[in-house]
Structure formats: C-alpha cells, structure tokens
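I opened the model today to see who sits next to whom. These are my notes.

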Amino acid sequence: MRWLIWILLLCALATGLTLLAQMNTGYVLVALSGQRIELSLNFALVLALSGFVAFYLLMRLLATMIELPGRVKRLRESRRVKKGHDTLIAALQDYFAGRYVRAESAAKRAMEFGAPVNVGAVIAALAAHELGAPERRDAHLALLVTDPAKPDSAKTVSEVRILLDEQRPEDALAVLAMLPKKHTAALRLELLARQRAGQWEAVPALIDQLEKRDVFNKDRADAERRQAYSQWIEHKSIDADSLKEVWRRVPERYRKDTTVAAKAASAFHAFGLCGEAQAIIERSLDVAWDSELVNLYGECGAAESVRQIERAERWLKDHREDGSLLLALGRLCAQQQLWGKAQSYFEASLSIEPTYSAHLELARLHDRIERADDARHHYRASLELAVGLLNRMAGEQRRQTF
C-alpha cells in the first residue's frame, strides 16, 4: 500500500512540474563577446540544477578519495579489536573448561590483537600456573605494570591465589597488604591465608566482615569462629601464662561452647591447671551437654574430686544413659579410692556402651584391689576393642585414599 501512495505522489509531482513548465514562457539570454546564447528558462533551470548535482557529486567523490586511507585503517583496527575480543572470550572459555594450553595460547594471541593486557595477561598467567610453568606464569604477570599507589586488583588477587596454591600464606598476606581497600574476594583469600599461616587471632575479625557481607550465614560464621578459637588455643598456648592470656581474649559466648571448652580444658589440664579445666567444663556443660566433654571431666581429677563427684551425680539424674558420664564418675571415685562405687560406675558404663577405656579403667581397678583374673579379663577386652577400633580407622583411611 505504501509503495502505491509513493507512485501516486510522484505522478502528481511530475504532472505539476509539466504544467508549470508549459505556463512558463520566459527565457534566459547569455551575452558573450561576439556571441549571444538564448535558452528557455525551463532548460536553464534544469541545466543549473544538473550542474549543482554534478558539482556536489564530484566534491563527495574527492572527499571520499581523500578519506579512503583513514577509513581503511579504521576498518582494519576495528576488525583487529573484534578479533582480539573474540580471542579473549575463547581464552576465557578454554580456561574455565580446563583446556589450559589453549587458554594460554589464546590469551597471548588476544593481547597481540590489542585485547586489554590486564585481562589477557591474568588469564595466561593462571593457565600457565595450572600447567606447572612458573617461568611463563611470572613472565605474563610481569606484563601487568601497575602503580604501587594504585595496585591492580586482578593482578593482586591472582598472585595471592597462586601463592596460596604454593603453600606460601605469609607471602600471600604481604601481597594482599598492598590493597588499600579489600573487596569480598580479597577478604576471603585473606581469611584462607590467615588460617594456613596459623594467625588464628586475626581470623574472627575477618569472619565478622564476611558475615556482614552475607558471605557466611550465622551458622557458618559460628562454625568458623569456633574453629578459629579452638586452633588459637591449641597453637598459641606455649605455656600456662600464654594460655591464660588467650583464654581471656576468647569471648564469653565461645568460652561456653563445647568444642572450644574441650580444647581449652585439655590445654589447662596439660599444664597441670586442673581446677581451671574443671571450671571450664562445668560452665560449658551447664549450657549444653556433650559426652566427649564430660569424658574429659573425669580425667581432670584434683583435690576437689569429692565436689566433682557430687556435681557429676547431679548431672546423672538427667543423663542416666550416658556412658561417658558413668565412666567419668568411675574415674573420679577411683581417684578417691571409692573402689565399690567406681566399679559399679565402670560396669554401668560398659552395660550401655562397651569401650576400651571403660575396660581399661576397670582392669586397673581390679589390679589395685588385687583381683588378677578379673584384671586380665578386662585388659584383654580393652586390647581387643582398641585393636578393632584401629583396624576400622585404618580401613576408613584406605577407602579415602583410593
């Protein structure tokens, strides 16, 4: 329909121009030296219009010829940039697909085509790192010349990942320190580096930041802090004074956590501070029950064993089927030479769950009261359970290996 309208409009225009030309009877007289040229006005108008069009086309042709080399250069540059971009995308695809040889080669070609060096060099470096070629990796990273006042985040994060893969957490932390402000990925890498370097005292603050940025939910953050405080106690407590200082800096909330409390109680017990160990265990068990922790309570016997027995017997009212609590009570009674009560608690523990620890404690008790046959029986039972446990652990380790 549209083309029909255009045809009608053109026909109307042609008809109008024809009628206008018939009505125009004027002429144009051109007088030259010795010559006179007379043209109709219509022809003169057509001639002038044709001349203008021809002059315009000629100028356009000359302008195009002058601009042609520049246009060709820009076209080639555009094609080169597009090829570099496409090659860089192919390098990324190969890297994420695990084709590291192709990824490194494609990244190098992309940079030759003019792709951004700060992207291509990083891809090539990471691919070379995965291929175990540190010389090529370092050569690619050297292309990323950055201002120390404004370090490149991509280069910094890539170097940190490489250093962590090489088990060099201290060097990774030194590189991260160059970043004036750490984004989320850098914070996660710093957390990993601190953990591997054993700098557990700095870990809780990093977990707080990552929790605020929704990297860790509450449960994950609590688990990470629990591990941090436990490892801090284990690795930084070189003597009783340092242990007390570390424990003082642990927040009250995590002092009552069973995992952290167990680590602290074991450390205090190792330094002969049984009173402190008992207090830690008691505060934790009053908040949440833990069989492993109550088992440790029985090993931390001291001058106040009678008070411990009374405390444990109160717990027994609510946890009658806990074999670890019965075993702990038996140990505490044995320390006070309450042989009858100790034997009854050990036997009650064995009736709930036969363990090599309960058999061993019962064997030692029979030795003390000179019941050699009973002692040999329980020593043998303890050994059999211990060997069975070791065999199961070895089997699980072999399955994990293969």
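Here is what I looked up, entry by entry.

**Ground rules.** I'm working with a predicted model, where local features need pLDDT of at least 70, side-chain atom pairs count only at pLDDT 80 or more, and totals for chains, interfaces and linings use all residues. Residues are numbered from 1 along each chain as its sequence is written, and side-chain values use heavy atoms, with hydrogens and water left out.

**Entry 1: His359.** I found His359 in helix 19, residues 356–368 (helices are DSSP runs of H or I, at least four residues, numbered from the N terminus). Is His359 buried or exposed? His359 is buried, because its relative accessible area is 11% (buried means under 20%, exposed over 50%, partly exposed in between, with a 1.4 Å probe and protein chains only). Its side chain makes a polar contact of 3.1 Å with the side chain of His378. A polar contact is a pair of N or O atoms within 3.5 Å; within protein, one must be able to donate a hydrogen and the other to accept it, and residues adjacent in sequence count only if both atoms are side-chain atoms. Skipping neighbours within four places in sequence, I also listed Leu350, Ala381, Ser382 and Leu385 among the contacts of His359 (contact means heavy atoms within 4.5 Å).

**Entry 2: Arg255.** Next I went to helix 12, residues 252–255, which holds Arg255. Arg255 counts as buried because its relative accessibility is 19%. Its side chain reaches the backbone oxygen of Trp247 at 3.0 Å. Beyond four places in sequence, Arg255 touches Trp247, Arg248, Arg249, Val250 and Ala261.

**Entry 3: the cores.** Then I looked for nonpolar cores, which are sets of buried Ala, Val, Leu, Ile, Met, Phe, Trp, Tyr and Cys residues joined through side-chain atoms within 4.5 Å. The largest one has 52 residues, and Ile233, Trp247, Phe268 and Ile281 touch the most other members. Which helix gives the most to this core? I got helix 17 (residues 323–335), with seven residues. A second, separate core has 19 residues, including Ala115, Ala121, Ala125 and Ala127.

**Entry 4: helix 5.** Last stop was helix 5 (residues 134–142), where Arg137, His140 and Leu141 are buried. They are on the same side of helix 5 because they cover an arc of only 100 degrees around the axis (the arc is that of the directions from the helix axis to the C-beta atoms). On the face turned away from that buried side, I noted the exposed residues Glu135 and Ala142. The buried residues pack against helix 3 (100–112), helix 4 (117–130) and helix 6 (153–165).

Technical notes: Helix = DSSP H or I, 4+ residues; strand = E, 2+ residues; numbered from the N terminus.
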